[in-house]
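Here is a short briefing on a predicted model. It covers a helix pair, a chain contact and a hairpin.

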Amino acid sequence: MAWTKNVLRVNLAAGTCMQEPLNMDWARDYLGQRGLGTKYFLAEVDPKVDPFAPENKLIFVTGPLTGTMAATGGRYSVVTKGPLTGAIACSNSGGYFGAELKFAGWDMVIFEGTAPKPVYLLITDGKAELVDAAHLWGKTVWETEETIKKQHQDPQIRVASIGHAGEIGVLYAGIVNDLHRAAGRSGVGAVMGSKNLKAVAVRGTRTDAYQIANPDAFFTAVDAGKKALAANGVTGQGLPTYGTQVLMNVINELGALPTRNHRDVQFESAQAISGEAMHEKRPTDGKANLVTNGACFGCTIACGRISRMDPGHFTIKDKPQYQGASGGLEYEAAWALGAANGVSDLEALTYANFLCNEHGFDPISFGATVGAAMELYDLGILTKEEVGFELPFGSTEAVVKLAELTATGEGFGKVIGLGSKRLCAKYGRPELSMTVKGQEFPAYDGRGLQGMGLAYATSNRGACHLRGYMVSPEVLGIPIKMEPQATEGKPAMLKAFQDLTAVVDSSGLCLFTTFAWGLSDIQPQIQGACEGDWSEDRLLLVGERIWNLEREFNLAAGLTAKDDNLPPRLMKEPAKTGPQKGAVSKLDVMLPEYYQLRGWTPEGVPTAETRTRLGV
Amino acid sequence: MRITLKLFASLSVHLPAEVRSRLRVELDVEPGTTVAEVIQRQGIPEGQCAIVLVDGVWLAPAERAGRVLSEGEVLAIWPPVAGG
């Protein structure tokens, strides 16, 4: 069996680390990672809990394929109640941490309570202990990782930690592992900080941590899967060469690139901050921003960007720590730091992204919040006196300065650290917050892509592109091409995407495999690794069950159908330019059908029949 | 008549070297020229044309031979790419 069947329960208040058996009945119903972590969370936590209260829990959880030879099988998730949204938060990360946790013999770590003083958890195979972190508190993610490795004289320890942003409660603080891989969204790092938990450090050397149920079938399926990834144009060539950043020009040409806090849908300087631009040699030093691509554990795609900035750039001239190669811009970060604010300096965006990695906060929510602040400034609601400097759209200096201030919680950075919803409410213009359930939109305009609008409105963790990536059918033609402005068939396609995504997110695999793989490629890998029946039908049922479980949490937390909504701008202000000119979101047309397909009442509540069918 | 051809990602190698970094070139074509003819003329492998947009509107593979370009239109092409 691909589960280790071991759960580590850490009581931070009591300072205890206890081993307990994994609930295999739940594993059979929820698979692992996102699904299984959410099941445990719902069973143990009152949905109305204050996200920063000791009663909130924080769960690090792997999937059955994490740490196996399945391509991309290195993912883990962090599940908690999110401080940004008040909804379920589940944030997924790659790198090498998840696989290491599995090699140490653990499927899951549940943190409960709050430590009386800063600590970190050190796991060495079956041994787990809480260690004083007084010397680490206040340090960056990068310093923390280096210090822990040196302290224990083991460079192979994998570390997931928070930076200053998580310590001071930036509401979109993330948890960063392997220097620049992150469980980035929804503020899971802020919850970790509220628990005085600085880091989780793990070293796993066990070769018997888990068993593959049927090795012959598993390796046959894994081999076929890797060949499919290599042969596919997207996963074999497009993603490794250009990364996700290649989308910048695609989405801009299509007229769905949110620009200047969604005032516009096309950015005149998109090309300057695109994946192609990262390959271009700079006139200043003759070198390209992109150094190489990078891969997470077991990944044969390698979409990651490793960048080196121009050492003469004004942001890092006297700062050698930023002059080496590190995690570069992905599409979402480049959009949020750039187009969302009208900023086109690729080097400055790279620097701001380095800061997000170093200090542990989500570039999407940060950049989008700056965009909202720039609009408030443009309208004269925010003043130079209040901010401390000028804040017009297009100001490179302002984005950089605010990234520095948000990281440390100084000056106006304190307000930016609260996110767009609270910022706009504070200044009396809540409608200018480009959020759903309090979480900022990623890089696709819900007017230009109708299915993405529905995906944002219904995402259980607030606005998110990774819960049902309708960009695939609406832009890329995967698995079929759907017209961006059409509404017909979108609710059904979205439901299928959401359920399948929940399966992938619960398996230990990366969602990017689905550009090449369908369920028929994934199913034999899960079936080979795990005992029991994991037919395609059963997996889709598991996915649907997970989606509904998350929904049940949100409803119990106090969210309602009114929260399945988009900002007025997307519903009423037509797209100004490009091929989607004149479009507004037709959410009101799609949402009732979506509820019906889900087996929910018109108020968005799962019916008794749906609950019985899914066993939720 | 004049159209704009934009070639992105790895397809930019099919642009003249002096404009490659701009990812676009203005082309003079005969009236009646189709999208498929431009693709062929520039030597772009058809199998590499995964996303084809004319003024931002998707053109399916089967429509490319019949789609006649008009003065001032922008033809944009990508190889298989994706993101997230």
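In this predicted model, helix α20 (residues 490-507) of chain A packs against helix α24 (residues 587-598) of chain A at an angle of about 50°. Their axes lie 9 Å apart. An angle from 65 to 115 degrees would count as roughly perpendicular, and one under 35 degrees as roughly parallel; α20(A) and α24(A) are therefore oblique to each other.

**Helix pair**
- The crossing of α20(A) past α24(A) is right-handed.
- On the α20(A) side, the residues in contact are K490(A), P491(A), A492(A), L494(A) and K495(A).
- They meet M590(A), E593(A), Y594(A), L597(A) and R598(A) in α24(A).
- By class, this contact of α20(A) with α24(A) has six nonpolar and four charged residues, and no polar ones.

**Contact between chains A and B**
- Chain A gives 30 residues to the contact, and chain B gives 21 residues.
- In chain A, α8 (233-242) and α9 (247-253) each supply at least two residues of the side that touches chain B.
- The largest share of that side, seven residues, comes from α8(A).
- By class, the side of chain A that touches chain B has 15 nonpolar, 11 polar and four charged residues.

**Hairpin in chain A**
- Strands β7 (residues 119-124) and β8 (residues 127-132) of chain A run antiparallel, joined by six bridges.
- I123(A) has A128(A) in β8(A) as its bridge partner.
- β7(A) and β8(A) form a hairpin, with two residues between them.
- In the turn, D125(A) has a positive phi of about 50°.

How values were computed:
Residues numbered from 1 in each chain as written. Chains lettered and ligands numbered in written order. Predicted model: local features only at pLDDT ≥ 70, side-chain atom pairs only at ≥ 80, totals over all residues. Axes fitted to C-alpha atoms, helices over the stretch in contact; angles between N-to-C directions. Helix = DSSP H or I, 4+ residues; strand = E, 2+ residues; numbered from the N terminus. Parallel < 35°, antiparallel > 145°, perpendicular 65-115°, else oblique. Left-handed = near helix turned anticlockwise from the far one by under 90°. Contact = placed C-beta atoms within 7 Å. Nonpolar A, V, L, I, M, F, W, Y, C, P; charged D, E, K, R; others polar. Pairing = 2+ DSSP bridges.
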